[in-house]
Amino acid sequence: MAAGTLTSAGRPSIRQAGMGAFAILSITLVLALIPAWRGPICPVWLVFHIHCPGCGLTRSLIELWQGHLWLSLRYHPFGPPLFVCCLLVTAGALADWAVPSTQSLLRSTLARSRRPRILTPVACLLVLVWILRLLLEFGHNTVFLW
C-alpha cells in the first residue's frame with residue numbers, strides 16, 4: 001500500500017496523520033506570531049468574564065518567539081512545553097516526509113501521545129495550574145499575567 005493512503009480499516013495512514021499533526025501544530029506556531037490587536041479573543045472570557053485554563057497560551061508563545069522565556073512563563077507555564085512539543089511534532093512530520101524510514105518512530109510517538117495515561121495527567125495538571133493562577137489572581141498576586 002502506498003504511503004499516504006487509507007489503511008484497510010478505512011483510517012488514515014500514519015503519513016496522513018503525521019502531516020495532519022504537522023499542519024495543525026505548524027499553524028499554531030505561526031498564529032502565535034500574530035499578536036491579538038483587538039484584545040481578548042477567548043470565548044470563555046467574553047461570555048463569563050473569567051479566565052479559562054488556556055488563557056495566556058497565545059501570549060506565552062508570542063513571547064517565546066521574541067526570546068522572552070521568563071515573560072512567557074508568566075503568561076502561561078504551559079507555553080514553553082507546548083512550544084517544544086509543537087517543534088518536535090513538526091520536526092518528526094518533516095523527517096517522515098523527507099526520510100520515510102522515520103515513519104515507525106513517528107507512528108509510535110503519535111500512538112503514545114494519545115494514550116489516556118499521558119493525556120489525563122496533562123489535563124489534570126492544566127486544571128491545577130489554572131486553579132493556582134485563579135487563586136493567586138484573587139489574592140492580588142502578580143506572579144502570573146493573563
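Helices (DSSP runs of H or I with at least four residues) and strands (DSSP runs of E with at least two) are numbered from the N terminus. The structure above is a predicted model, in which local features need pLDDT of at least 70 and side-chain atom pairs count only at pLDDT 80 or more, while totals for chains, interfaces and linings use all residues. Residues are numbered from 1 along each chain as its sequence is written, and side-chain values use heavy atoms, with hydrogens and water left out.

The protein chain contains 7 helices and 0 strands. Read from the N terminus, its elements follow the order α-α-α-α-α-α-α. Of its 146 residues, 27% are buried; buried means under 20% relative accessible area, exposed over 50%, and partly exposed in between, with a 1.4 Å probe and protein chains only. The accessible surface of the chain is about 9,600 Å², and carbon and sulfur atoms account for 74% of that surface. Such areas come from the Shrake-Rupley method with a 1.4 Å probe, and for residues only the protein chains shown count as cover. Among contacts (heavy atoms within 4.5 Å) between residues at least 6 apart in sequence, 52% join residues at least 24 apart.

Helix H7 covers residues 116-138.

In soluble globular proteins, nonpolar side chains tend to be buried together.

Apart from neighbours within four places in sequence, Cys55 touches Cys42, Tyr75, His76, Arg133 and Trp146. A disulfide is a covalent bond between the sulfur atoms of two cysteines; here the term is applied to a pair of cysteine sulfur atoms within 2.5 Å. The structure holds 0 disulfides. For Cys55, the nearest cysteine sulfur is that of Cys52, 3.5 Å away.

The loop between H2 and H3 holds His51. This histidine is buried because its relative accessible area is 11%. Its side chain forms a polar contact of 3.5 Å with that of Glu137. A polar contact is a pair of N or O atoms within 3.5 Å; within protein, one must be able to donate a hydrogen and the other to accept it, and residues adjacent in sequence count only if both atoms are side-chain atoms. Leaving out neighbours within four places in sequence, the residues in contact with His51 are Trp45, Trp130, Leu134, Glu137 and Trp146.

His49 lies in the loop between helix H2 (43-48) and helix H3 (57-65), and it is exposed, with a relative accessible area of 53%. Most residues other than glycine have a negative phi. His49, however, has a positive phi of about 60 degrees although it is not a glycine. His140 is exposed, since its relative accessibility is 72%.
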